[in-house]
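Work through the exercises below with the sequence and the coordinates open. Each task is followed by a solution in steps.

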Amino acid sequence: MVTSLSSASRSRPKKPLRIAMVGHAFMGRAHSNAIRQVGRFFDLPFEVVPQVVVGRDPERVEAARQKFGFVEGSVDLDAVLAREDIDVIDVATPNDTHGPITMAALRAGKHVMCEKPLAMTVKEAKAMRDLAARKGVRVALWHNYRRAPAASLAQRIIARGDIGTVRHVRAIYLQDWLASPDSPWSWRNDRALCGSGAHGDLNAHLIDMTRFLTGLEFAEVCGMEETFTKTRKDGAGKRRPVDVDDAFAFLARFDGGAIGTFEATRAAPGRKNYNQIEINGTKGSVRWNLERMNELEVFRSDDAADCQGFRTVMCMDGPHPYAANWWPDGHIIGYEHTFVHTLADFVLSLKGRKPFHPNFDDGVAVQAVLEASQKSAASRRWVKVRA
Ligand SMILES: NC(=O)c1ccc[n+]([C@@H]2O[C@H](COP(=O)([O-])OP(=O)(O)OC[C@H]3O[C@@H](n4cnc5c(N)ncnc54)[C@H](O)[C@@H]3O)[C@@H](O)[C@H]2O)c1
């Protein structure tokens, strides 16, 4: 019996969007999962293709290619950039390489999706932003937490005025993997490779989330940092200096009068990925925590006087951002889905004129806050934020 073709299978194949991903460890795993999943859950204008995984060691690249499902592996980034069939370069490497890899990709006319923090300095971030603008390509920064459904809902609630004028931002990002002095040294402990410690790693997310949720810009900051463990052993047993912060806290004033407190640490025993933000406005509050990422706590002072209190909204029902792309109501999603959402929105933006956020303008703004608070911590004074 001959089965008739469905209209879907008769429709014309989509144009491929071929991605080359540089780096294939933690974020390589998260990004490649997104690259493979995105077309199964989102209707996109392109077929997203995991074309090349790029690294430095041929054996590890081949292992990554097989595991992550790329068509090809390469240890020659220049050769990959020279190819006309590669559309997007995805940068999933340590922080000191974001600038050089991104600049080379932009010079080759590629769209770029870059991991955070965008750069090592504001100056470098601006050069990346300006070259992207001159080349007329699209760029993205992987601040994936914006696209947790509950965080996106919080943005929607604040933007439509439900909690009134924002007065307080209270943000903390706590981890514990460097609490022990015996935790090994890695590139994340070397200023030349990462720029800063918990600050650029975790506060960068909090700064981006604050700008996303509130639309506020940072005016001035006052920072404090500490390195509790001054040396650590590397994989070969050699003791290496640690010249970045284990913990970094700062106060902030925003344009328009709101105030904020920010704290990031990798030395808080028991706290694994405790990424939390609370926003208080004149008429209500919202609180979100990544460790309960599908829930949003909402307080509204216009609720009946005898029913006031924080309510917990489960954000995986039909009206919630991204929920309809996944499963029936209440069937929850996880960390990896935030990367799928980021990629889906970026691919959708390639067909339209609407700019994707966070882009390199946002990256420059985040970098300016990071840098100003580092200057403040060093000088023990308030420092104005100038992007
Ligand atoms: N968005 C998030 O939630 C999130 C989470 C973790 C890390 N990150 C960011 O992602 C980036 C990568 O972090 P990670 O945790 O994946 O690090 P990682 O150490 O797990 O992996 C780094 C990868 O880059 C490769 N690499 C290093 N130098 C390279 C070079 N010069 N050329 C090509 N490949 C190179 C390594 O071989 C490895 O495959 C960092 O900038 C980090 O801040 C973001």
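**Exercise 1: the ligand shell**

H5 gives three residues to the shell around the ligand, the largest share. The model is a predicted one.

Task: State how many residues surround the ligand and which are the closest.

Solution. Step 1: the shell holds 23 residues. Step 2: the closest are Met27, Asn95, Lys116, Trp187 and Arg188. Step 3: by class, the shell has 11 nonpolar, eight polar and four charged residues. Step 4: at least two shell residues come from each of helix H2 (26-41) and helix H5 (95-107).

**Exercise 2: position between domains**

Task: Explain why the ligand lies between domain 1 and domain 2.

Solution. Step 1: domain 1 spans 14-144, and domain 2 comprises 148-333 + 354-384. Step 2: both domains give residues to the shell, so the ligand lies between them. Step 3: the space that the ligand takes is the largest pocket.

**Exercise 3: polar contacts and burial**

Task: Find N or O atoms of Phe26, Thr93 and His98 that lie within 3.5 Å of a ligand oxygen atom.

Solution. Step 1: for Phe26, a backbone N or O atom is 3.2 Å from an oxygen atom of the ligand. Step 2: for Thr93, a backbone N or O atom is likewise 3.2 Å from a ligand oxygen atom. Step 3: for His98, the N or O atom belongs to the side chain, and the distance to a ligand oxygen atom is 2.9 Å. Step 4: the ligand taken alone exposes 850 Å², of which the protein buries 86%.

**Exercise 4: backbone exceptions**

Solution. Pro117 sits in the loop between strand S5 (111-114) and helix H6 (122-135). Lys116 is also among the closest residues to the ligand. The loop holding Pro358 runs between helix H10 (335-349) and helix H11 (360-379). Tyr322 is in the loop between strand S16 (311-314) and H10.

Conventions: Residues numbered from 1 in each chain as written. Predicted model: local features only at pLDDT ≥ 70, side-chain atom pairs only at ≥ 80, totals over all residues. Heavy atoms only, no water. Near = heavy atom within 4 Å. Polar contact = N/O pair within 3.5 Å; in protein donor to acceptor, adjacent residues only side chain to side chain. Areas by Shrake-Rupley, 256 points an atom, 1.4 Å probe, with all protein chains shown as cover. 1 Å grid on protein atoms, 1.4 Å probe; cavity = no way out; pocket = protein on both sides within 12 Å on 5 of 7 lines; lining within 4 Å. Sits in = over half its atoms within 2 Å of the grid points. Helix = DSSP H or I, 4+ residues; strand = E, 2+ residues; numbered from the N terminus. Nonpolar A, V, L, I, M, F, W, Y, C, P; charged D, E, K, R; others polar. Domains from an automatic or database assignment.
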